[in-house]
2 protein chains.
Amino acid sequence: MTESDLPVANLTPGRWGNPAQSVELPAAARDALKHLGVRRPTPPAEAGEESGHPGAEPAPEAGGAGSAVGAGGARSAAAGGAGLGVTAGQLEFLSSVVGSQHVALEWEARWGHTRGYSTTDLLRFRAGDTDDVPDAVVYPGTHDEVQAILAGAAEHDLAVVPYAGGTSVVGGLAPTRRFITLDLRRLDQLEELDEISRTATLQAGVRGPVAEALLAERGYTLGHFPQSYEGASIGGYAAARSSGQSSAGYGRFDQMVVALTIATPRGTIQLGRAPMSAAGPDLRQLILGSEGAFGIITSVVVRIRPRPTERHFEGWRFDDFDSGLTAVRRLAQDGPLPTVLRLSDEVETAVNLADPDVLGGGSGGVLAIIGFDGPYNQATADVLTASGGTNLGEGPGETWRLGRYRAPYLRDPLLDEGALVETLETATFWSRVPALKAAVTQALVDALSTTPPLVLCHISHVYETGASLYFTVICAQTDDPITQWRTAKAAANKAIAEAGATISHHHGIGTDHRAAYTAEIGPLALEALHAVKQTLDPHNVMNPGILLPEIQRLS
Amino acid sequence: MTESDLPVANLTPGRWGNPAQSVELPAAARDALKHLGVRRPTPPAEAGEESGHPGAEPAPEAGGAGSAVGAGGARSAAAGGAGLGVTAGQLEFLSSVVGSQHVALEWEARWGHTRGYSTTDLLRFRAGDTDDVPDAVVYPGTHDEVQAILAGAAEHDLAVVPYAGGTSVVGGLAPTRRFITLDLRRLDQLEELDEISRTATLQAGVRGPVAEALLAERGYTLGHFPQSYEGASIGGYAAARSSGQSSAGYGRFDQMVVALTIATPRGTIQLGRAPMSAAGPDLRQLILGSEGAFGIITSVVVRIRPRPTERHFEGWRFDDFDSGLTAVRRLAQDGPLPTVLRLSDEVETAVNLADPDVLGGGSGGVLAIIGFDGPYNQATADVLTASGGTNLGEGPGETWRLGRYRAPYLRDPLLDEGALVETLETATFWSRVPALKAAVTQALVDALSTTPPLVLCHISHVYETGASLYFTVICAQTDDPITQWRTAKAAANKAIAEAGATISHHHGIGTDHRAAYTAEIGPLALEALHAVKQTLDPHNVMNPGILLPEIQRLS
């Protein structure tokens, strides 16, 4: 199966991806979990399923503020109590814009658009927590329909959350007040392909595999393959500054965007008349990363490249993380860069490789994965060899390729077994990488001392001046795994801030990183961002509480 | 002389660069001007010099609003009338921050910080136009001094223009009300060099050649060589999104900046904890290009590279601009890119080359310049050959290298002779380049029909998805060359806008492009920018009228 054949995913609320591709834990993993003290929780996580779905629909409440309806022609409308569902006036407004058949009020649709895929999100799904359920799911079909909904949202007292892949792992879909969801899946077109300029205009709801399939028909690729690829969408990539596994070769998504269109409550903005410009600040970069707080990106023009006719992936062994770090830095600074460049540390190497012999025998060592879109580049291999690397051939590379989107699937059975597993990531300049890695690892170990964790780390995105660090944490769940993780995450965030690093390299801010973000940019820059939001979204209907906290004006 | 040996320039108000390097027109050029109908103006442009300096100091006015002073210990203070010079209270404030020896009130200092180097600026200098003269020139020595002046500016009724190289060609130094200039030349330090991360922290007042010299001592280069290189500064590069002649290899200046510090009237903002981040919008890109309208960038952390030990420049011939265009696009999209990549059109090739034989005989043809920092890359040459190019060897390359900063010097004797000469530039996506080039050329020819112009064009900055176009216009001056150029420029701006291109690829907005800029980004984005300015500079003391017009809030 090629990447463009991957099915559109995220089909089961609260479990990652396509159920047809769910995985079982290897027996070796079960044994390893025992060493971490992991025990299968009782009652089992599936408790909620006894009522037919993980989150039970709340009973209607009496005396609510609004008159909630399930009528008005909306499809399969389920009766909702006040506090759930929309009012007759809201429904009439939404239906007038998109047609009643494109407004879903039934519980299943709403529950299926609840939160994202952080471990905390999954744990709350498992607990049947019905907070953060949208009042309605609306499916606009055009930019103008999105624009019309946002323009009328304040008048109809609607807060709006944009949704396509739903793959946020930082609480990006859980605003601070009741809301409706705009599911952008009908914005699924490749609007234009300019072969001379090598640009494609893609609508926001196009998911990763669909984008690749549409471009492949014309002989092109976007080259953006984040771990959320199967489910995430073009609009989400843009709004959250996504970075994919081929970033060494293709760059980040925000580097691919040359133009964009955003609908805001005050109107539409179109940006990008050239690849680069000196016409004032680069406002594209103000919209990219705005996470729906200013409006909804409805389409982007992205740089595309000819689809490669060959690909190569191989593994390389280094004696330790430090020597591997020097090697990948050398490639990042002096080239030639491969398309994929990843370096696992000792712990991640040991955990991920069932067969230690793959490292060529001997104890220790770390694994790097190198990939080329197009011909194999011997010059890259020469740099790795000169840096102390040993070529392990295509075996480990193919193993990685086949499993490149599988890790999130593993989290579900791990949670089933009673393990706590979550990831976090950051970035910094090269000279600070070792201290940052040590500090974050120590913070996690200390915070989880009662359930000693495994802390895995890898580098997967490199630049001339620095790199990202991606951590995976595995330990036994306590009786309150949500608090357990929040405590550990807070400790990691503190370590990241104290190391002078950024709170996120590619996951974004959402609600989980909001406090860390405000500390990172400082009160005055935050106020400037807030002024932008106040201009574009004066009634705070867009993703309220996501990205930006409510702030007081500085004196 | 190597580039790092170049003297700091801009020493004569109203004439470009270092007087020791001024140039005379070749005899052939004088003949060519005759064909354009160019006549030496009478009275000669030097009229103003009869009073000892080009702009005569206005006589003190009676009954002015403020009590202007020349005392208070400021160096060589000249008496200024109301409407010129600062009040005693302003002087006391400024002196209390930077020391009275760092506040200049004398006419020569103020006249020497007047406007920039557009042709219109030069013509106004020649006419002795004393508008836009700052009331004082202040030389802060630290970020904290800059911050203190901006924080107190509103209270002391001071508008502030930052200044280092003074090389704006878009009216970036001529605000809409009386002002003082902050000359940043004392912020001239390389604060830090991180060899592991390959970053350097440079203060805003470091000029191009000084930056290169400081980095060269450590074995590094910034690689930023705009035509304003001799005079322009690090802070100006950042504030105006500069792009240099080696942009194909080193990128734009805004791509080199990984962190920055900006002083604003409301406080200091520091941005950039990693090369790239998903922590919200990239706010660095909101400051880069803000042209002093939000505050003053006092230092930047830039990516640096090892200084090359060899350089190669050579000329290539293509049959016509279109075939050359295909060749440079191929390199931009599929590589390998050289460090310098420039393509002149037929007219520019003919005008710039005194000896047509350099193109290998035969009529017509266009010249491309290719440069490599480091070893010669045969693969690049192979692409050019395969695209129909003929290698002309190092002769034309060396000619270009030796003259790479000379073109602006030529403008002064051309103006002396009565020619009108000016440049403008834009950028667009590849598929639109031919139509854009034709439309701008036609607009200029039509607007200057009574003084038929030569319109030269080249491509000097390329990206995967598009390129910049740089136009040079030469014709005879009318009796009112300022109006003559403004009319032509307005026609070119209109053509750029109608072609969907950007109003500037690397010159910036200033005051000259303000109207075109507001049309380019639209009223809502403009309002968002205005909200940022209102937050950071609530009393509009920073570069008033530059970049942003006063706007009404949209209903």
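Here are some friendly notes on a predicted model with chains A and B, taken one feature at a time.

1. Let's begin with a sheet in chain A. Four strands make up this open sheet, in the order E1-E2-E4-E3, and their pairing is mixed. Strand E1 (103–104) and strand E3 (160–163) of chain A each have a single partner strand, so one side of each is left without a neighbour in the sheet.

2. Now look at one pair within that sheet. Two bridges join E1(A) to strand E2 (residues 137–138) of chain A, and the pairing is antiparallel. As background, strands of a sheet pair through backbone hydrogen bonds, either parallel or antiparallel.

3. Which helix lies across E2, E3 and strand E4 (180–183) of chain A? This is helix H5 (residues 143–153) of chain A, which runs at about 160 degrees to E3(A).

4. A:Arg411 is part of helix H15 (residues 407–417) of chain A. Is A:Arg411 buried or exposed? A:Arg411 counts as buried because there are 23 C-beta neighbours inside 10 Å, and the cut-off for buried is 20 or more. Leaving aside residues up to four places away in sequence, A:Arg411 touches A:Trp16, A:Thr119 and A:Val421.

5. Over in chain B, there is an open sheet of five strands with antiparallel pairing, and the order is E5-E6-E10-E8-E9. At its edges you will find strand E5 (190–194) and strand E9 (267–271) of chain B, each pairing on one side only. On average, neighbouring strands in this sheet are turned by 10 degrees against each other, direction ignored.

6. A helix packs on this chain B sheet too: helix H5 (residues 143–153) of chain B touches E8, E9 and strand E10 (296–303) of chain B. The direction of H5(B) makes about 45 degrees with that of E8(B). Strand E8 (residues 257–264) of chain B runs antiparallel to E9(B), and five bridges join the two. In one of these pairings, B:Thr264 has B:Gly267 in E9(B) as its bridge partner.

7. Finally, how many residues does each chain bring to the contact? Chain B gives 66 residues and chain A gives 65 residues. On the chain B side, the elements giving two or more residues are E9, helix H10 (284–287), strand E16 (419–429) and helix H18 (514–536). H18(B) gives the most, with 13 residues. Sorted by class, the chain B side has 31 nonpolar, 24 polar and 11 charged residues.

How values were computed: Residues numbered from 1 in each chain as written. Chains lettered and ligands numbered in written order. Predicted model: local features only at pLDDT ≥ 70, side-chain atom pairs only at ≥ 80, totals over all residues. Pairing = 2+ DSSP bridges. Axes fitted to C-alpha atoms, helices over the stretch in contact; angles between N-to-C directions. Contact = placed C-beta atoms within 7 Å. Nonpolar A, V, L, I, M, F, W, Y, C, P; charged D, E, K, R; others polar. Buried ≥ 20, exposed ≤ 12 C-beta atoms within 10 Å, placed from the backbone.
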